[in-house]
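Visitor: I would like to learn how to read a protein model feature by feature. Could you give me the general idea each time and then the case at hand?

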Amino acid sequence: MTITATSSSTTTTSSTSSSSDSRTTLSSTDFLQLLVSELQNQDPLNATSVTDFVNQMTSYANYTSQQSLNSSMTSLASSFSSLVTLNSVNYIGHTVEAKTDTAVLSNGSATFGYSLSSAASNVSVSINDSSGNTVWTGTSTGNKGSNSITWDGTDSSGNQLSDGGQYTISVTATDSAGNSVLNYTTVTGTVTGIDTSTSTPSLTVGGVPVSASNIIGVTS
């Protein structure tokens with residue numbers, strides 16, 4: 001009988017512990033119950049001071065406010081994401097210019113843009129494939145403001161590369177003193193869809209995902 005009782009007690013303790021472990025969050029009700037338990041079980045000869053009790057109640061108020069704020073922020077983030085998605089729908093079918101450095105080779109060519117803060121004395125361009133290999137290098141214009149370059153899809157050996165591959169441009173632009181004057185690179189393409197699989201919806205521009213916040217112009 002003793003063995004049976006011990007086994008039962010152990011099982012109950014294990015079950016209680018398991019149940020306790022499954023609780024990973026502290027609710028406002030739990031917080032209040034802790035305060036009430038403290039008052040009920042405090043030593044009458046060494047009672048909790050008014051200051052300590054007020055501090056604990058303040059902590060409870062702050063905790064409740066924080067929980068409410070977290071809930072509100074979560075709701076706000078969800079609403080904002082829905083709003084961004086709704087606004088992004090308006091881009092579908094339009095040709096846009098976006099800050100990015102990647103384009104898809106289509107019909108044997110890919111056009112990139114880049115912005116310079118001032119005129120450049122030297123502008124060198126390299127284009128890499130999706131594996132990071134450099135397939136073409138050359139030079140381009142260095143006018144202040146917007147510039148563009150159309151790559152004919154051939155590598156440095158003159159071989160025509162296949163359509164459909166993604167290629168990334170790298171631009172180095174310096175003035176006569178050797179200072180960089182590059183602002184950013186761009187790609188122009190038609191928006192064909194919206195990807196909402198992540199927390200921040202992205203537009204599909206010419207086959208490449210681009211954040212809606214990187215759209216800097218609509219050309220048609």
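Visitor: Which residues line the largest pocket?

Guide: Before the answer, please keep in mind that this is a predicted model, in which local features need pLDDT of at least 70, side-chain atom pairs count only at pLDDT 80 or more, and totals for chains, interfaces and linings use all residues. Residues are numbered from 1 along each chain as its sequence is written, and side-chain values use heavy atoms, with hydrogens and water left out. On a 1 Å grid over the protein atoms alone, a pocket is an open set of points where a 1.4 Å probe fits, with protein on both sides within 12 Å along at least five of seven lines, and lining residues have an atom within 4 Å of a point. Here the lining consists of Ala 103, Val 104, Ser 106, Ser 109, Ala 110, Thr 111, Val 187, Thr 188, Gly 189, Val 205 and Gly 206.

Visitor: Which elements give two or more residues to that lining?

Guide: Strands are DSSP runs of E with at least two residues, and helices are runs of H or I with at least four, numbered from the N terminus. The elements in question are E2, strand E3 (110–116) and strand E8 (182–195), and E8 gives the most, with three residues.

Visitor: How many helices and strands does the protein chain have?

Guide: The protein chain has three helices and eleven strands, and from the N terminus on the order is α-α-α-β-β-β-β-β-β-β-β-β-β-β.

Visitor: What is the strand order in the open sheet of four strands?

Guide: Two strands pair if DSSP finds at least two bridges between them. In this sheet the order is E2-E7-E4-E5, with antiparallel pairing. Strand E2 (102–104) and strand E5 (134–139) each have a single partner strand and stand at the edges, so one side of each lacks a neighbour in the sheet. E2 pairs with strand E7 (residues 166–174) in the antiparallel sense over three bridges, and Val 104 has Gln 166 in E7 as its bridge partner.
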